[in-house]
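Good morning, and thank you for making time for this presentation.

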Number of protein chains: 6
Amino acid sequence: MDQPTARQQRGEAVFQQVFGREPRPGSYPEFLRITVDHLFGEIWTRPHLSVEERELVALTAVTLARTDWELRGHIGAALHLGMSREKIVEIIIQLAYYGGWPVANNGLRVAQEVFAELDGATGGKAGHDR
Amino acid sequence: MDQPTARQQRGEAVFQQVFGREPRPGSYPEFLRITVDHLFGEIWTRPHLSVEERELVALTAVTLARTDWELRGHIGAALHLGMSREKIVEIIIQLAYYGGWPVANNGLRVAQEVFAELDGATGGKAGHDR
Amino acid sequence: MDQPTARQQRGEAVFQQVFGREPRPGSYPEFLRITVDHLFGEIWTRPHLSVEERELVALTAVTLARTDWELRGHIGAALHLGMSREKIVEIIIQLAYYGGWPVANNGLRVAQEVFAELDGATGGKAGHDR
Amino acid sequence: MDQPTARQQRGEAVFQQVFGREPRPGSYPEFLRITVDHLFGEIWTRPHLSVEERELVALTAVTLARTDWELRGHIGAALHLGMSREKIVEIIIQLAYYGGWPVANNGLRVAQEVFAELDGATGGKAGHDR
Amino acid sequence: MDQPTARQQRGEAVFQQVFGREPRPGSYPEFLRITVDHLFGEIWTRPHLSVEERELVALTAVTLARTDWELRGHIGAALHLGMSREKIVEIIIQLAYYGGWPVANNGLRVAQEVFAELDGATGGKAGHDR
Amino acid sequence: MDQPTARQQRGEAVFQQVFGREPRPGSYPEFLRITVDHLFGEIWTRPHLSVEERELVALTAVTLARTDWELRGHIGAALHLGMSREKIVEIIIQLAYYGGWPVANNGLRVAQEVFAELDGATGGKAGHDR
């Protein structure tokens with residue numbers, strides 16, 4: 001248990017490492033501080049799991065939670081950490097069997113949107129089907 | 001167990017108290033009647049919990065359910081019943097720990113949208129960050 | 001356990017029977033192949049439940065999962081299999097009691113959108129109320 | 001909307017039809033009254049779904065909810081309404097694909113326990129494996 | 001953001017206030033430290049919600065989560081904080097409508113067990129019925 | 001898409017690799033065949049994720065699903081695949097933040113039981129506390 005300032009700084013560094021940008025204050029600065037301090041400063045820096053493995057756990061959890069906006073964020077984080085698109089899609093396909101087809105179809109739809117935006121695609125063509 | 005008409009009227013009164021408007025018939029008049037009759041006429045009028053406490057329970061439940069449209073309705077209800085924005089946000093922050101970060105980030109995003117609409121904000125500035 | 005080709009063909013036929021269209025390759029051809037092969041070729045063709053009963057189970061599951069896009073697909077499938085709008089709405093109303101009001105209000109909102117699109121409605125009038 | 005007494009009596013009759021026994025007062029007589037009155041007296045007696053179809057919906061919902069004690073009750077109800085063991089198992093197998101393997105393995109374990117009790121089996125032999 | 005020691009001490013005091021006992025190290029001392037430090041030292045001591053209101057939120061969340069062991073702990077906490085049995089039961093009854101009958105029946109079953117243990121009841125008589 | 005026999009044999013081999021034992025027929029031989037064939041023969045053998053990474057995904061999913069019996073099976077599988085106890089515990093601790101404290105406390109309780117059985121512990125001493 002170290003000093004608060006050290007924890008906050010460590011949290012900001014891990015946040016930057018995972019999401020590829022600084023935490024932005026936004027509308028809920030206190031919740032952001034808690035997120036950076038508790039979640040990134042303490043949990044993501046604990047031993048026994050690498051940052052890549054923690055992203056695997058986080059991406060699995062948000063895919064199962066079906067919160068689209070969060071899911072977009074963690075697909076972006078996974079890509080930023082060097083996970084391939086094929087690997088992200090593979091996690092979601094496995095979750096068809098561990099969380100059900102609605103979870104997987106929802107996850108694949110969101111992944112497709114994220115990939116299309118990154119490609120500068122204008123949509124319309126690359127329809128996702130169940 | 002009183003007469004149906006009394007229950008229906010009591011339900012309409014509680015619905016008005018919670019949401020600040022009359023129930024509108026809409027597309028599913030039978031489901032609305034059941035909602036007003038069972039949920040508001042019987043459950044919300046039972047003893048041991050105040051209307052404010054029942055809204056605390058309902059807001060917690062819809063935040064955890066991650067059904068955005070419902071969540072918007074209950075954030076509106078909470079405000080109408082006199083709950084402060086700070087208290088609503090505080091409930092959602094606590095739910096980061098009892099339902100997980102995806103639940104809380106989703107809830108805060110919806111709350112921000114509701115607050116911005118009430119302020120006539122045109123968005124753009126008040127970005128929410130994870 | 002029969003030959004892969006037979007299973008794939010049987011899956012395509014059941015998919016067509018349920019959704020009223022051929023499976024479209026889309027962005028994830030491998031997941032579509034698994035879906036057609038495992039889910040439609042093996043599970044939907046097993047004995048003891050009719051295709052209509054399996055749709056009842058699937059529609060219940062996706063309503064409870066609150067994945068809107070999936071829900072739209074299965075409301076379409078239910079209609080295609082001959083389930084009436086009244087029956088679809090009735091399933092969702094029952095789920096108010098087995099999954100909670102947020103689940104039902106979300107499901108009824110999606111059903112209304114699907115029905116309105118089929119009617120060529122331009123919206124605005126047919127507002128859904130909690 | 002009929003008189004309370006009629007609704008209560010109708011609810012008791014449907015409860016008896018579904019579970020094969022009278023509702024027992026137990027520890028929460030008020031919740032039992034609401035259950036009999038709202039859920040069985042009003043919802044289970046609505047049109048568009050047969051009692052057997054409503055049990056299909058309920059059994060699907062409690063399997064997905066993973067509340068063992070409830071699940072035992074609805075497997076009993078399904079059997080009482082004439083659903084075969086094979087059909088009950090088949091619903092749970094389909095839910096492996098719509099709710100995930102944990103849901104199905106849990107449901108099959110509970111079903112096995114219910115079937116074994118009905119057979120007067122003393123367990124030990126009939127081990128369930130994932 | 002104050003000093004770690006102060007936060008830890010404040011967390012221990014709130015834990016004691018909520019559960020009526022000191023945190024016991026048990027098998028996972030590090031997770032207990034995080035729980036006391038983050039959850040009780042920071043979150044439960046934040047403004048805008050009283051400890052009683054926070055317990056209302058927590059009890060709602062664990063009832064919806066259907067984790068029996070956790071639910072027993074928070075029913076105990078609610079009683080320790082002065083919430084009446086009637087109020088605890090009333091929250092669970094409301095959750096029949098916001099989370100579904102399986103959630104409520106499960107919660108009432110657990111509550112009955114906790115109450116019976118406190119009364120030194122030996123069970124057998126006080127059967128809970130759906 | 002290869003021949004059924006090849007897929008079945010491959011599935012049995014992966015099942016053996018993950019759980020450290022042959023699949024046992026048990027009470028539902030057909031569901032076991034599907035599990036071995038679809039889940040282990042096709043999904044666990046797909047590229048882009050190692051068997052260890054797939055166990056990380058599966059363990060995360062069953063921890064979030066709160067199905068104790070399944071969770072015991074996958075903690076056993078993780079150990080059999082060489083994952084350390086510290087790493088398993090660390091995944092569950094991270095899930096406190098991505099799925100909520102009830103999920104983590106439930107997971108840690110089950111992990112403790114599995115570890116104690118492996119150690120031949122007779123319980124009583126090693127109490128887990130929230």
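A word on conventions first. The model is predicted, so local features need pLDDT of at least 70 and side-chain atom pairs count only at pLDDT 80 or more, while totals for chains, interfaces and linings use all residues. Residues are numbered from 1 along each chain as its sequence is written, chains are lettered from A and ligands numbered from 1 in the order in which they are written, and side-chain values use heavy atoms, with hydrogens and water left out.

Let me begin with chain F and chain A.

Contact here means heavy atoms within 4.5 Å. By that rule, 27 residues of chain F touch 27 residues of chain A. Of the interface residues of chain F, 100% are also interface residues in chain A, so the copies meet through the same surface.

Chain F and chain A bury about 2,700 Å² between them, with 67% of it on carbon and sulfur atoms; buried area is the accessible area (1.4 Å probe) that two parts lose on being put together, summed over both. Glu90(F), Gln94(F) and Tyr98(F) supply 26% of the area that chain F buries against chain A, more than any other three residues.

Glu90(F) also forms a salt bridge with Arg54(A), at 2.8 Å from N to O. The criterion is a side-chain nitrogen of Lys or Arg within 4 Å of a carboxyl oxygen of Asp or Glu, and six such bridges are found across the interface of chain F and chain A.

I turn now to chain C and chain B. Chain C is superposed on chain B by a rotation of 120° with 0.0 Å of shift along its axis, at an RMSD of 0.0 Å. That is the relation of a three-fold axis. Within chain C, the C-alpha nearest the axis belongs to Arg66(C), 4.9 Å from it. The copies use different surfaces, as 5% of the contact residues of chain C recur in chain B.

Here 20 residues of chain C are in contact with 21 residues of chain B. The buried area is about 1,900 Å², of which carbon and sulfur atoms give 63%.

What, finally, lies closest to the centre of the largest cavity? Of its 48 lining residues, the closest are Arg66(A), Arg66(C), Arg66(D), Arg66(E) and Arg66(F). On a 1 Å grid over the protein atoms alone, a cavity is a set of points where a 1.4 Å probe fits but cannot get out, and lining residues have an atom within 4 Å of a point.

Technical notes. On a 1 Å grid over the protein atoms alone, a cavity is a set of points where a 1.4 Å probe fits but cannot get out, and a pocket is an open set with protein on both sides within 12 Å along at least five of seven lines; lining residues have an atom within 4 Å of a point. Copies are superposed by least squares on the C-alpha atoms of residues with pLDDT of at least 70 in both.
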